[in-house]
Amino acid sequence: MTKKSIYLIGFMGAGKTSIGKVLGEKSGLPVIDTDERFEEYSGVPIKNYFEQFGEERFREKETEILLNLTDTPSIITTGGGIILKEKNRKFLKESGRVVFLECKPEVFLERLKDDLTRPLLKNKSVEEIKDMYEKRLPLYLDSASFTIDTSDLTIEEAAEKIISRM
Ligand code: S3P
(Lines give C-alpha, C1' and ligand atoms only; values in the text may rest on other atoms or scores of the structure.)
Protein backbone atom coordinates (compact mmCIF):
# COMPACT_ATOMS: atom_id res chain seq x y z
CA MET A 1 0.00 0.00 0.00
CA THR A 2 1.32 3.42 -0.95
CA LYS A 3 2.32 5.86 1.81
CA LYS A 4 1.00 8.75 -0.28
CA SER A 5 -2.51 10.11 -0.44
CA ILE A 6 -4.94 8.56 -2.87
CA TYR A 7 -7.06 11.03 -4.83
CA LEU A 8 -10.27 9.86 -6.48
CA ILE A 9 -11.30 11.89 -9.50
CA GLY A 10 -14.12 11.41 -11.97
CA PHE A 11 -17.43 12.70 -13.25
CA MET A 12 -20.48 13.19 -11.04
CA GLY A 13 -22.08 9.83 -10.34
CA ALA A 14 -18.89 7.82 -10.88
CA GLY A 15 -18.94 6.73 -7.22
CA LYS A 16 -16.06 8.79 -5.80
CA THR A 17 -17.62 9.49 -2.41
CA SER A 18 -19.02 5.97 -1.81
CA ILE A 19 -15.87 4.21 -2.99
CA GLY A 20 -13.74 6.62 -0.95
CA LYS A 21 -15.59 5.70 2.25
CA VAL A 22 -15.00 1.98 1.69
CA LEU A 23 -11.37 2.63 0.80
CA GLY A 24 -11.00 4.52 4.06
CA GLU A 25 -12.39 1.57 6.04
CA LYS A 26 -10.18 -0.94 4.25
CA SER A 27 -6.98 1.07 4.36
CA GLY A 28 -7.45 2.71 7.77
CA LEU A 29 -6.59 6.07 6.19
CA PRO A 30 -8.66 9.17 6.96
CA VAL A 31 -11.11 10.20 4.26
CA ILE A 32 -11.44 13.81 3.15
CA ASP A 33 -14.08 14.97 0.68
CA THR A 34 -13.37 18.31 -1.01
CA ASP A 35 -17.09 19.07 -1.47
CA GLU A 36 -17.72 18.44 2.23
CA ARG A 37 -14.73 20.63 3.14
CA PHE A 38 -16.10 23.31 0.87
CA GLU A 39 -19.45 23.31 2.63
CA GLU A 40 -17.80 23.33 6.08
CA TYR A 41 -15.66 26.33 5.19
CA SER A 42 -18.22 28.34 3.27
CA GLY A 43 -21.10 27.40 5.58
CA VAL A 44 -23.36 27.10 2.54
CA PRO A 45 -24.50 24.05 0.52
CA ILE A 46 -22.68 23.97 -2.83
CA LYS A 47 -25.98 24.30 -4.69
CA ASN A 48 -26.73 27.61 -2.92
CA TYR A 49 -23.15 28.79 -3.31
CA PHE A 50 -23.39 28.35 -7.10
CA GLU A 51 -26.66 30.28 -7.15
CA GLN A 52 -25.28 33.11 -5.04
CA PHE A 53 -21.71 33.45 -6.28
CA GLY A 54 -21.46 31.48 -9.53
CA GLU A 55 -19.14 28.75 -10.76
CA GLU A 56 -15.92 30.77 -11.03
CA ARG A 57 -15.93 31.72 -7.34
CA PHE A 58 -16.69 28.10 -6.49
CA ARG A 59 -13.70 26.94 -8.56
CA GLU A 60 -11.37 29.40 -6.83
CA LYS A 61 -12.40 28.22 -3.39
CA GLU A 62 -12.31 24.59 -4.46
CA THR A 63 -8.70 25.10 -5.59
CA GLU A 64 -7.80 26.75 -2.30
CA ILE A 65 -9.21 23.76 -0.43
CA LEU A 66 -7.37 21.21 -2.59
CA LEU A 67 -4.04 23.00 -2.34
CA ASN A 68 -4.25 23.32 1.43
CA LEU A 69 -5.15 19.75 2.30
CA THR A 70 -3.20 17.90 4.94
CA ASP A 71 0.10 16.21 4.13
CA THR A 72 -0.99 13.20 6.19
CA PRO A 73 -1.62 10.32 3.78
CA SER A 74 -5.38 10.21 3.23
CA ILE A 75 -8.09 9.12 0.83
CA ILE A 76 -9.21 12.31 -0.88
CA THR A 77 -12.45 12.34 -2.81
CA THR A 78 -12.86 15.33 -5.09
CA GLY A 79 -15.61 17.27 -6.84
CA GLY A 80 -16.11 16.22 -10.46
CA GLY A 81 -14.79 19.51 -11.84
CA ILE A 82 -11.54 19.61 -9.84
CA ILE A 83 -9.56 18.81 -12.99
CA LEU A 84 -10.79 21.90 -14.83
CA LYS A 85 -8.04 24.12 -13.44
CA GLU A 86 -4.55 23.44 -14.69
CA LYS A 87 -3.15 24.33 -11.28
CA ASN A 88 -5.20 21.53 -9.75
CA ARG A 89 -4.14 18.97 -12.34
CA LYS A 90 -0.50 19.85 -11.70
CA PHE A 91 -1.01 19.59 -7.94
CA LEU A 92 -2.75 16.21 -8.26
CA LYS A 93 0.04 14.78 -10.39
CA GLU A 94 2.66 15.90 -7.88
CA SER A 95 0.84 14.96 -4.70
CA GLY A 96 -0.03 11.28 -4.73
CA ARG A 97 -1.72 8.45 -6.54
CA VAL A 98 -4.63 9.71 -8.61
CA VAL A 99 -7.33 7.23 -9.57
CA PHE A 100 -9.72 8.17 -12.34
CA LEU A 101 -13.05 6.47 -11.73
CA GLU A 102 -14.37 6.16 -15.23
CA CYS A 103 -18.04 5.48 -15.80
CA LYS A 104 -20.17 5.03 -18.91
CA PRO A 105 -22.53 7.96 -19.51
CA GLU A 106 -25.61 5.70 -19.47
CA VAL A 107 -24.60 4.49 -16.00
CA PHE A 108 -23.87 7.88 -14.42
CA LEU A 109 -26.97 9.36 -16.08
CA GLU A 110 -29.08 6.64 -14.48
CA ARG A 111 -27.42 7.25 -11.08
CA LEU A 112 -27.95 11.00 -11.37
CA LYS A 113 -31.43 11.03 -12.84
CA ASP A 114 -33.24 12.19 -9.70
CA ASP A 115 -30.43 14.42 -8.49
CA LEU A 116 -31.51 17.84 -7.37
CA THR A 117 -28.39 18.88 -5.51
CA ARG A 118 -25.77 19.18 -8.26
CA PRO A 119 -26.00 22.69 -9.69
CA LEU A 120 -24.26 21.82 -12.94
CA LEU A 121 -26.97 19.34 -13.87
CA LYS A 122 -29.78 21.82 -13.42
CA ASN A 123 -31.75 22.42 -16.63
CA LYS A 124 -29.28 20.38 -18.67
CA SER A 125 -30.29 17.92 -21.36
CA VAL A 126 -28.77 14.43 -21.53
CA GLU A 127 -26.82 15.54 -24.59
CA GLU A 128 -25.37 18.54 -22.76
CA ILE A 129 -24.31 16.40 -19.80
CA LYS A 130 -22.68 13.86 -22.12
CA ASP A 131 -20.93 16.71 -23.87
CA MET A 132 -19.58 18.01 -20.56
CA TYR A 133 -18.25 14.52 -19.82
CA GLU A 134 -16.59 14.21 -23.25
CA LYS A 135 -14.87 17.57 -22.77
CA ARG A 136 -13.57 16.60 -19.36
CA LEU A 137 -12.44 13.09 -20.26
CA PRO A 138 -8.96 14.07 -21.55
CA LEU A 139 -8.40 16.13 -18.38
CA TYR A 140 -9.26 13.20 -16.11
CA LEU A 141 -6.99 10.93 -18.13
CA ASP A 142 -4.19 13.48 -18.07
CA SER A 143 -4.34 13.78 -14.27
CA ALA A 144 -4.64 10.08 -13.44
CA SER A 145 -2.01 7.59 -12.35
CA PHE A 146 -4.46 4.89 -13.45
CA THR A 147 -8.09 4.39 -14.41
CA ILE A 148 -10.78 2.06 -13.11
CA ASP A 149 -14.09 1.69 -14.92
CA THR A 150 -16.76 1.61 -12.22
CA SER A 151 -19.70 1.12 -14.62
CA ASP A 152 -20.15 -2.60 -13.90
CA LEU A 153 -18.54 -2.80 -10.46
CA THR A 154 -20.03 -2.71 -6.98
CA ILE A 155 -18.55 -0.16 -4.59
CA GLU A 156 -16.78 -2.98 -2.77
CA GLU A 157 -15.31 -4.39 -6.01
CA ALA A 158 -14.09 -0.99 -7.12
CA ALA A 159 -12.41 -0.39 -3.74
CA GLU A 160 -10.73 -3.82 -3.88
CA LYS A 161 -9.47 -3.10 -7.39
CA ILE A 162 -7.93 0.17 -6.26
CA ILE A 163 -6.25 -1.43 -3.26
CA SER A 164 -4.79 -4.17 -5.43
CA ARG A 165 -3.10 -1.49 -7.57
CA MET A 166 -1.58 0.42 -4.64
C1 S3P B 1 -19.15 19.36 -9.76
C2 S3P B 1 -19.30 18.19 -9.07
C3 S3P B 1 -19.78 18.14 -7.68
C4 S3P B 1 -19.51 19.47 -6.97
C5 S3P B 1 -20.04 20.61 -7.77
C6 S3P B 1 -19.43 20.70 -9.17
C7 S3P B 1 -18.64 19.30 -11.17
O8 S3P B 1 -19.14 17.09 -6.98
O9 S3P B 1 -18.15 19.67 -6.74
O10 S3P B 1 -21.43 20.46 -7.84
O11 S3P B 1 -18.26 20.33 -11.72
O12 S3P B 1 -18.61 18.17 -11.73
P13 S3P B 1 -19.43 15.51 -7.26
O14 S3P B 1 -18.59 15.10 -8.42
O15 S3P B 1 -19.01 14.85 -5.99
O16 S3P B 1 -20.87 15.40 -7.53
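Analyst: An oxygen atom of the ligand lies 2.7 Å from a side-chain N or O atom of Lys-16, a polar contact in the sense of a pair of N or O atoms within 3.5 Å. Arg-118 also places a polar side-chain atom 2.6 Å from a ligand oxygen, whereas Gly-81 contributes a backbone N or O atom, 3.3 Å from an oxygen atom of the ligand. Taken alone the ligand exposes 380 Å², of which the protein buries 96%, with areas computed by the Shrake-Rupley method and a 1.4 Å probe.

This is a predicted model, in which local features need pLDDT of at least 70 and side-chain atom pairs count only at pLDDT 80 or more, while totals for chains, interfaces and linings use all residues. Residues are numbered from 1 along each chain as its sequence is written, and side-chain values use heavy atoms, with hydrogens and water left out.

Around the ligand there are 14 residues, of which Lys-16, Asp-35, Arg-59, Arg-118 and Arg-136 come nearest; a residue is counted as near if one of its heavy atoms lies within 4 Å. This shell divides into 5 nonpolar, 3 polar and 6 charged residues, where Asp, Glu, Lys and Arg count as charged and Gly is among the polar ones. Helix α4, residues 55–67, gives the most to the shell, with 3 residues; helices here are DSSP runs (H or I) of at least four residues.

Definitions and conventions:
A polar contact is a pair of N or O atoms within 3.5 Å; within protein, one must be able to donate a hydrogen and the other to accept it, and residues adjacent in sequence count only if both atoms are side-chain atoms. Helices (H or I, at least four residues) and strands (E, at least two) are DSSP runs, numbered from the N terminus.
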